[in-house]
Amino acid sequence: MANQENNVPPPKAQVRDYMSSPVEVLEAGQSMLEAVLTLRKFGFRHIPILENGRLAGVISERDLWRFSPTTLLPLSERDYSRVFEETTIGRVMTRNPQTIGPEAPLAEAVSIMFQKKLGCLPVVEGGELVGILTVRDMLRALNDLIAPGS
């Protein structure tokens, strides 16, 4: 879509233009309880997980609830809580997540997230986690596209 005033096309957006950075992370050895508390504290739905300082996985709200014990079983409150306290994130996270580089076109990220039904893409540069791109970030990009200057 060209700028109507001077027919100059808008610059091509890159992942770095919309990724969230710095990134809140957790370690694979931390508990599900710590993941739940972090998600609630920051209002996130996804958190990258590190092992030995490197991206190892991603944990989502959905992962945590999928591995939570059902309240339909006759578990005591203590036993229910113990699952969250004693289960490590590394046991329930999605390992080896799809990633993208910060210089990649935003359109490539949209395509990957849409086709693979992903809620986020960790952004990695030189083997290091430098950001995360989420559906919320994509909505911000869409807003910028359809409502410029607002």
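**View 1. Strands E3 and E4 pair up in the antiparallel sense.** Strand E3 covers residues 54-60 and meets E4 over 2 bridges; two strands count as paired if DSSP finds at least two bridges between them. Strands here are DSSP runs (E, at least two residues) and helices are too (H or I, at least four), numbered from the N terminus. Val58 sits opposite Thr94 of E4. This is a predicted model: local features need pLDDT of at least 70, side-chain atom pairs count only at pLDDT 80 or more, and totals for chains, interfaces and linings use all residues. Residues are numbered from 1 along each chain as its sequence is written, and side-chain values use heavy atoms, leaving out hydrogens and water.

**View 2. An open sheet holds 4 strands.** The order is E1-E2-E3-E4, with mixed pairing. Strands E1 (26-27) and E4 (94-95) are at the edges with a single partner strand each, so one side of each has no neighbour in the sheet.

**View 3. Pro122 is buried in strand E5.** This strand spans residues 120-125. The relative accessible area of Pro122 is 1% (buried is under 20%, exposed over 50%, partly exposed in between; 1.4 Å probe, protein chains only). Leaving aside neighbours within four places in sequence, Pro122 is in contact with residues including Leu55, Val58 and Ile132; contact means heavy atoms within 4.5 Å. Pro48 is 74 residues away in sequence, yet the C-alpha to C-alpha gap to Pro122 is 7.0 Å.

**View 4. Leu142 belongs to helix H6.** The helix takes in residues 135-146. Leu142 is partly exposed, with a relative accessible area of 43%.
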